[in-house]
Amino acid sequence: MTKTICTILAALSFISCSKDSTEPDSTPTETMYFPPLTGNAWETKSLTDLKWNQNAVQPLLDYLELKHSKSFMILVNGRIVLENYFNNHTAITNWYWASAGKTLTSTLTGIAQQEGLLNINNKVSDYIGTGWTSETIAQENQITCKNLLSMTSGLDDSTDEVEPANLIYKADAGTRWAYHNVYVKLQDVVAKASGQSWENYFNAKLRDKIGMNGTWVQIGVNSVYTSTTRSMARFGLLMLNKGKWENNVILNESFFNEATATSQNINLGYGYLWWLNGKSSYHLPQSQLTFQGSVIPTGPNDMFMALGKNDQKIYVVPSKKMVVIRMGDAADNVNLALSDFDKTLWEKINALYQ
């Protein structure tokens, strides 16, 4: 991560020499911006420069406020286009990520693998020992770190408790997709493999390298990350850039590509703790039904997402070089990850640039 603000390179435009020229018109390009590690400096980009529809902004903000939002940000090429706070929330207030923070666990698992500390194809018990479930040793030894990343442990998902007595066999690992809190065992795997506490390893290898703030809070069996909205946006920007922060490789591109692609053949809309848009079908938490179509039909097909309880959102859209953040209370009813809010929100975001 750079310690100084990147300078915007002047956009170059090329004018064809004549009407008969076969040279294509070139679109002005802009470098990706990364905010400095410390301080509050962060470059902005105006809607006018983007040629976006100013008239669509207020309906979007009104909807966000109506739906109990705390904060909302849009980055394009790393620059802030919109940054808004609601309901007494501020830029320096921390808020919980809920399950959107699963993607932090996925990312740190990838970092530990690239450092040679673990292999996601190895069984979980290689790192934390046997007896971490109530399964037989043979059943438990089928469960790999990749199964936890892809939600295919085969463990009973009727409870989110992760004590051995609650981790009960439901199906062979890899044969059933179920949204389950057992993914949190990856944090134990990383801690054991690194010889450090989860939080210390996380801070050194990810948080501090991209200038995030925030802490992990233990709430029951859940390990929940809390941070400012801008810190969430920094992580989104890292993932927009395939794990690189400027010229620094934080997460290698190979793991990034695996994490943001379909991880198994049951829920096509799920990677390594990332939700994936634009697939032909998907599953939802607490359901074994297959739903046809895209997870968020109004959203871009190449979008991948960190989605958390009560509508904590990181949307990453490579085709538009865009990151969108939403923090707040539940837009409508309490939900685990997805809600009708996503569909309507993207209709209103689309109105900005369509």
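The model is predicted. Asparagine 147 lies in helix α6, and serine 231 lies in helix α9. Strands β1 and β2 pair in the antiparallel sense.

**Asparagine 147**
- Helix α6 spans residues 145-150 and holds asparagine 147.
- The relative accessibility of asparagine 147 is 10%, so this residue counts as buried; the cut-off for buried is under 20%.
- Beyond its neighbours within four places in sequence, asparagine 147 is in contact with Gln142, Thr152, Ser153, Ala173 and Gly174.

**Serine 231**
- Helix α9 covers residues 229-240, and serine 231 sits in this helix.
- Serine 231 is buried because its relative accessible area is 3%, with under 20% as the limit.
- A polar contact of 3.2 Å links the side chain of serine 231 to the side chain of threonine 228.
- With residues up to four places away in sequence not counted, serine 231 touches Trp97, Met212 and Asn213.

**Strands β1 and β2**
- β1 runs over residues 69-76 and pairs with β2 through six bridges.
- One of the residues in β2 is isoleucine 80, the bridge partner of leucine 75.
- Two residues stand between the strands of this hairpin.
- Asparagine 77 in the hairpin has a positive phi near 55°.
- β2, residues 79-85, is mostly covered. Five of its seven residues are buried.

Definitions and conventions
Residues are numbered from 1 along each chain as its sequence is written. This is a predicted model: local features need pLDDT of at least 70, side-chain atom pairs count only at pLDDT 80 or more; totals for chains, interfaces and linings use all residues. Side-chain values use heavy atoms; hydrogens and water are left out. Helices (H or I, at least four residues) and strands (E, at least two) are DSSP runs, numbered from the N terminus. Buried means under 20% relative accessible area, exposed over 50%, partly exposed in between (1.4 Å probe, protein chains only). Contact means heavy atoms within 4.5 Å. A polar contact is a pair of N or O atoms within 3.5 Å; within protein, one must be able to donate a hydrogen and the other to accept it, and residues adjacent in sequence count only if both atoms are side-chain atoms. Two strands pair if DSSP finds at least two bridges between them.
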